[in-house]
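Visitor: I would like to learn how to read a structure of this kind, one feature at a time. Please show it to me first.

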Amino acid sequence: EYVYSALISGLYKEAKSEDAVKLWKKMDEKGFRPNTVVYSALIDGLCREGKPDEAKEMLNEMIDKGCVPNAYTYSSLMKGFFKAGVSDKAIQVWEEMQKSNCAVNEVCYSVLIHGLCEVGKLKEAMMSWSHMLSHGCKPDAVAYTSMIHGFCNAGSINEALRLFHEMICQERKSKPDIVTYNILFNALCKQNETSRAVDLLNSMLDQGCDPDVVTCNIFLRTLSERLDPPQDGREFLDELVIRLFKRQRISGACKIVEVMLGKFLPPK
RNA sequence: AUGUAAAGGGGCU
């Protein structure tokens with residue numbers, strides 16, 4: 001099981017689906033009975049390939065054979081249908097999971113909330129958020145960030161910030177990370193609230209979170225598009241490097257220097 | 001304590 005699941009998953013991720021299917025057939029010929037993990041790897045692979053309907057058939061097959069789908073299986077399938085633009089079927093999978101005895105976790109909720117937000121169903125996403133809380137499932141950083149992203153895209157930055165402040169007080173697995181911050185930077189910059197974005201950047205540095213290449217791109221873009229006269233961002237990044245260095249954040253500073261070199265913005 | 005076969009979030013394109 002361990003080898004087959006790892007191979008199938010890896011082959012699909014490298015876009016070698018023919019090889020994955022060959023392996024699956026070979027496994028079958030050998031009379032090997034795949035378990036939940038192996039089925040889940042195949043279902044996830046089919047979804048990545050854009051074939052969620054085939055993946056759904058495999059779900060039915062595994063159930064017929066007495067194999068019990070779990071949160072991995074259902075979350076992959078939901079994501080697959082969302083990715084294919086068939087959110088109705090994704091929701092059907094969600095409902096099927098609810099009817100099963102499967103323990104729903106924060107990953108399932110993240111996939112659902114992300115998918116709903118992506119098709120503009122913010123209300124439904126918020127209902128899923130409440131559902132998660134009322135069922136005793138604690139949102140982790142990804143779940144929070146998915147909901148925050150949904151609020152930002154709907155223009156509800158204040159709602160997004162309310163969740164963000166909630167995250168700050170949580171335990172480690174629910175603390176905001178660089179992805180959370182980048183989503184907020186992007187939303188604030190796009191609403192011409194650059195100074196609030198810079199304030200948030202400062203508090204991020206205080207929290208011990210290092211900026212990355214996406215952070216740089218977000219700020220460089222606003223500096224060149226929203227500023228009169230436009231800036232190339234070199235000074236901004238130079239200052240960032242210095243501030244990281246002063247805080248002994250050597251690897252964080254190096255990351256920014258690498259970004260600068262990659263953009264032909266020579267650091268001072 | 002953490003990690004140890006399969007699933008989830010960010011900018012530009």
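Visitor: Is Tyr39 buried or exposed?

Guide: Buried means under 20% relative accessible area, exposed over 50%, and partly exposed in between, with a 1.4 Å probe and protein chains only. Tyr39 has 2% relative accessibility, so Tyr39 counts as buried. Trp24 is also buried, because its relative accessible area is 14%. These values come from a predicted model, in which local features need pLDDT of at least 70 and side-chain atom pairs count only at pLDDT 80 or more, while totals for chains, interfaces and linings use all residues. Side-chain values use heavy atoms, without hydrogens and water.

Visitor: How confident is the predictor in chain A?

Guide: pLDDT is the predictor's confidence in each residue, from 0 to 100. Chain A has a mean pLDDT of 95, and 100% of its residues reach 70 or more. For the complex, the predictor gives an ipTM of 0.87 and a pTM of 0.94.

Visitor: What angle lies between the planes of Trp24 and Tyr39?

Guide: A pair of aromatic rings is described by the distance of the centres and the angle of the planes. Rings of Phe, Tyr and Trp (its six-membered ring) pair if their centres lie within 6.5 Å; planes under 30 degrees apart count as stacked, over 60 as edge-to-face and the rest as tilted. By this rule there are 8 aromatic pairs. In the pair of Trp24 and Tyr39 the planes are at 65° and the centres 5.4 Å apart, which is edge-to-face. This pair links distant parts of the chain, with Trp24 in helix H2 (residues 17–29) and Tyr39 in helix H3, 15 residues apart. Helices here are DSSP runs (H or I, at least four residues), numbered from the N terminus. Elsewhere, Phe164, Tyr181, Phe185, Phe219 and Phe236 form one aromatic cluster.

Visitor: Which residues is Thr215 in contact with, neighbours within four places in sequence left aside?

Guide: Contact means heavy atoms within 4.5 Å. With those neighbours left out, Thr215 touches Ile178, Asn182, Phe185 and Leu201. Thr215 sits in helix H13 and, at 2% relative accessibility, counts as buried.

Visitor: How many residues surround RNA strand B?

Guide: A residue is near a strand if one of its heavy atoms lies within 4 Å of it. RNA strand B is surrounded by 44 residues, and the closest are Lys13, Tyr72, Ser110, Asn182 and Asn217. H11 gives the largest share of this surface, 7 residues.

How values were computed: Residues numbered from 1 in each chain as written. Chains lettered and ligands numbered in written order. Helix = DSSP H or I, 4+ residues; strand = E, 2+ residues; numbered from the N terminus.
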